[in-house]
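Have the sequence and the 3D view ready.

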Amino acid sequence: MPQDSLLVAALGDIHGRFHRVEAWLDALEAARGRPVDYVLAVGDVEAFRHADDHRRKAAKRSMPAEFAEYADGIRRVKRPLYFIGGNNEDFEALHDLPDGGELAPGVHYLGRAGLRTLGPLRVAYLSGIHAPRFIDQPLKRPTSLDTAKQAGYFRTPEVERVATERDVDLLLVHEWPRGIVQKARDERLSPERPLPSPWIGNPVTRKLVDTVHPKWVLCGHSHKPFAVALDSHGRTLSRVACLDQAARPDTAVFWLEFEGREAQRAGWGVSGVPTWQAGQRWGMHTLPPVEPGGPGSVPADNGATA
């Protein structure tokens, strides 16, 4: 393989399930016959230390406390993991790291908003989801369930910070950009796959994509796989890949193989089989087939409202 070749794996909402995604990445490496250089997670990682920490987050459910093993040094991730915040995180731990930091060996929180260079790649990111009531309010220290929920909403200065970036290879956001479902409908990209509501996602993130023109946009939050290309007034084509939560690898893992800063091939799951190569059209046809009762078979919107 070329010396400047990189394999980047993206993960949908982990929700505390660190063990299974590590096994999935092992399988992807075996299938591709090479190590994963970087792992990117698109929010709702839930790096909590205790199983009952759901008392400190918006979603009142108990998820695995598997992150504690990594934070305590009992286990260690095999590849560097970089993640943005979703709307369900340990915001008490993240509050004093607005520009990011390492939470455990190899586990890096990118921060609330900004740009990070990973190898040759320019990776922009915006944590959180859109809540109109709070976008212009100051961020409070998350000392209660209510203020922790508010910490999962991005603010105007954070959006503006990312909006100044250009020449971006990857943009990580948690919530979908508004309008991508309607584009798929207009182009009839998926006659066999039920599509979610056209109102899924938010207009702020969509405007950000149209301003920055990243080559790739990776998002999660709605627990549904989706793929569409956005071409804004003849500018750089932005290929959007929305990932499912970490329930099954076929739709929760998405990988890109780069040579330098140009993606040469991409695929879903851990089979290592590309579903897209440079020069080909990007869209819903690149997704894994719909299985009865599986992801994509029933329209869903996991968007939170404020």
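Which residues of helix α7 (residues 203-212) are buried? They are T205, L208, V209 and V212, where buried means under 20% relative accessible area with a 1.4 Å probe, protein chains only. Keep in mind that this is a predicted model: local features need pLDDT of at least 70, side-chain atom pairs count only at pLDDT 80 or more, and totals for chains, interfaces and linings use all residues. Residues are numbered from 1 along each chain as its sequence is written, and side-chain values use heavy atoms, leaving out hydrogens and water.

**Helix α7**
- Looking down the axis of α7, you'd see its buried residues fall within an arc of 100°, so they line one face of the helix; the arc is taken from the directions from the helix axis to the C-beta atoms.
- An α-helix has 3.6 residues a turn, so residues three or four places apart point the same way.
- Helices here are DSSP runs of H or I with at least four residues, and strands are E runs with at least two, numbered from the N terminus.
- After α7 comes H213, with a positive phi near 55°.

**Around N87**
- N87 sits in the loop between β3 (81-83) and α3 (91-94).
- With 10% relative accessibility, N87 counts as buried.
- The C-alpha atoms of N87 and Y153 are 6.8 Å apart, though 66 residues separate them along the chain.

**F226**
- Leaving aside residues up to four places away in sequence, F226 touches residues including W176, I180, L195 and W268; contact means heavy atoms within 4.5 Å.

Methods
Buried < 20%, exposed > 50% of the residue type's maximum accessible area, 1.4 Å probe, protein only.
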